[in-house]
Amino acid sequence: MTLHEWIFSGLGAVGILAAVRLVTARNVVHAALFLVVSLAMVAGVYLLLAAEFVAWVQVLIYVGAIVVLLLFGLMLTRAPIGREALDNQQRGISAVVAVGVLAGLSVLLWDTFRVSEIDLATSRTAEVGANLFESFVLPFEVVSFLLLAALIGAIVLARKEEAS
Amino acid sequence: MIRLVFPLIFSAALFSIGIYGVLARRNGVLVLMSIELMLNAVNVNLVAFNQYLRATLDPGSLAGELFAGQIFTLFVIAVAAAEVGIGLAIVILIYRNRETINVDEVNLLKW
């Protein structure tokens, strides 16, 4: 194992542990904080894969915005604390499905990509931006329209009905 | 130099944990968090394959798509932000009408 792979293993282990605690936590706020740890480790993985711009977008959007949004959601809805209140009766079968998916994917991926290696060339933000605005202009505009539609939709949905 | 299986197995593990969360959680906000985990797993895959395949691409003819994987990741992040906004608006609306956000008690369309 190279140094990169050791660091990756550390980041990945912390991220997976935090994700496991996220889906087993008995307190919803703790779950949100474990989500922060997990997303930050994913950002570290991006940095390690030399995708710098994506890593900082991950920190800004996910850790900065989406988690705050989720915490607001938790704050506005009263959630009871405890395993029975947060989990349903399908824990066993869900665990079987999840482990089955993981085992199947791992076998397939190991079999296919055992010897493949990533050549860690840096991706400069300027090149990523030039790519984005040369070849993906239309999808970019569509995403901006989607965000506008989501904004209006969220306001319409969450607004209190006025007595007419 | 890093072997491609490391990010792929990491992403597969995150995805499986997200599946468990979606299936086993009752609270609507926790289900949304598990969906975020699954989206992140897909993003890790996109970035890893972009970095893996970039060395093999011909920069002359494919100059516009050299970073397609990373740009798709940015799009997925933007769509995830929109999805969380709408999802939380729906959760808050359900909470206001039904006094609960447990997804198994919201069964109006179930028979």
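This is a predicted model: local features need pLDDT of at least 70, side-chain atom pairs count only at pLDDT 80 or more; totals for chains, interfaces and linings use all residues.
Me: What makes L70(A) stand out in the largest nonpolar core?

Reply: The number of other members touched. The core has 73 residues, and L70(A) is listed with L22(A), A31(A), V45(A), V29(B) and M33(B) as touching the most other members. In chain A, the elements giving two or more residues are α1 (3–24), α2 (28–48), α3 (52–76) and α6 (125–135). In chain B they are α1 (5–24), α2 (28–54) and α3 (68–98). The largest share, 14 residues, is that of α1(B).

Me: How do you know that both domains of chain A take part in this core?

Reply: By looking at where the members come from: domain 1 (1–99) and domain 2 (124–164) each give at least three residues. The C-alpha centres of these two domains are 24 Å apart.

Me: Why is G28(B) called buried?

Reply: The cut-off is 20 or more other C-beta atoms within 10 Å. G28(B) has 23 such neighbours, so G28(B) counts as buried. This glycine lies in helix α2 of chain B, and it touches V91(B), I101(B) and V103(B), leaving out residues up to four places away in sequence. With V91(B), the C-alpha to C-alpha distance is 6.6 Å, although 63 residues separate the pair in sequence.

Me: And I61(A): why is it called partly exposed?

Reply: Partly exposed covers counts between the two limits, 12 or fewer for exposed and 20 or more for buried. I61(A) has 17 other C-beta atoms within 10 Å, and therefore belongs in between. You will find I61(A) in helix α3 of chain A. Its contacts beyond four places in sequence are I66(A), I77(B) and A81(B).

Me: How do you know that the length of α2(B) agrees with what a helix should span?

Reply: Take 1.5 Å times one less than the number of residues. For the 27 residues of α2(B) this gives 39 Å, and the end C-alpha atoms are 39 Å apart, so the two agree.

Me: What makes α7(A) "hardly covered"?

Reply: The count of buried residues is 2 among the 22 residues of α7(A). Its length passes the check too: α7 (residues 137–158) of chain A should span 32 Å, and because its end C-alpha atoms are 32 Å apart, the values agree.

Me: Why do β1(A) and β1(B) count as paired strands?

Reply: Pairing takes at least two bridges. Strand β1 (residues 117–118) of chain A and β1(B) are joined by 2 bridges, so by that rule they pair. They run antiparallel, with E117(A) opposite R3(B).

How values were computed: Residues are numbered from 1 along each chain as its sequence is written. Chains are lettered from A and ligands numbered from 1 in the order in which they are written. A nonpolar core is a set of buried Ala, Val, Leu, Ile, Met, Phe, Trp, Tyr and Cys residues joined through C-beta atoms within 7 Å. Helices (H or I, at least four residues) and strands (E, at least two) are DSSP runs, numbered from the N terminus. Domain bounds come from an automatic or database domain assignment. Two residues are in contact if their C-beta atoms, placed from the backbone, lie within 7 Å.
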